[in-house]
Structure formats: C-alpha cells, structure tokens
Amino acid sequence: MSDPAPTLLAIVELGGYPNLTPLYRSLGFEVEVVASQRKAQAALKRRIPDVIVAEYNFQSDFRDRTSNLETLMARLQRHPEVKVICFYQSEYRHKLDAMTARFPVFEAIAFPIEPARVEAALRRAVS
C-alpha cells in the first residue's frame, strides 16, 4: 500500500501572487484552499495538514498581535510537525522576525513570490 498523499492547507487572504494550487498538486499534495484565518481554523478542526502556506499580513490595528498569522501559529504550537511556509512583504521583515522569535516558521519567502522558490521549500518540507 502506498503512503497517503501529503496534505497542504493554503490560506490566500490578500493574494497578489500566482495561483500555486497547480504547483502544489503537481508535487503530490492533497490541497485545501481557504480565504481567511477563520476558515483556516475551521479546516484545522477537520484535519491537521503536513504543510501550511500562508501570507504574513502586518496589521497595526490589532491590540495583542501584529498579524493575521499569530492566532494560527499559536494553535500550531500543539502540532510542531506542521511545516509553515509564509509569504511576506519585505518592508515588514522586522515584524515577521519578531513573530518568528515566538513561533517557528519553516520558510519565509518575500514578495514577489517565485513559484520555483515555493517548490524548493515544499520539496524540503516533505523530504
């Protein structure tokens, strides 16, 4: 019997990069795409994926956190085996670094998003 396909949860909130779903599928992932952190939390109740690809969107109006990603990362502390790949705007690297000091991210990729770089990170994540 073959191993089950690795699972990937893609959280596309703002976008601004190519649709990577065909790439994820070509690498053998079973893919679920959601459009918000709230939907991502619901998806995590159904299944914990092997890999999560999400955007780090800095938001200064949050009282207790700096981005959309922190609630997700806090939840994933119970699942350290999940590899998180996040996309970020270069000007917010210092804010991302502050978050990753508390929550480990497998790979952070700056915009503009290059599919080859995402592919390399995904290959490392499942190897």
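For the charges in this tour, Lys and Arg count as positive and Asp and Glu as negative, while His and the chain ends are not counted. The place of a charge is NZ of Lys, CZ of Arg, CG of Asp or CD of Glu. Select these atoms: the mean positions of the 17 positive and 15 negative charges of the protein are 5 Å apart.

The model is predicted: local features need pLDDT of at least 70 and side-chain atom pairs count only at pLDDT 80 or more, while totals for chains, interfaces and linings use all residues. Residues are numbered from 1 along each chain as its sequence is written, and side-chain values use heavy atoms, leaving out hydrogens and water.

Next, colour the protein by secondary structure, where helices (H or I, at least four residues) and strands (E, at least two) are DSSP runs numbered from the N terminus.

Now select Tyr17 and Phe87. Aromatic rings of Phe, Tyr and Trp (its six-membered ring) pair if their centres lie within 6.5 Å; planes under 30 degrees apart count as stacked, over 60 as edge-to-face and the rest as tilted. The protein has three aromatic pairs by this rule. The ring centres of Tyr17 and Phe87 are 4.9 Å apart with planes at 80°, so this pair is edge-to-face. Both residues are buried (under 20% relative accessible area; exposed is over 50%, partly exposed in between; 1.4 Å probe, protein chains only).

Phe87 lies in strand β4, and Phe111 in the loop between β5 (107-110) and α5 (115-126).
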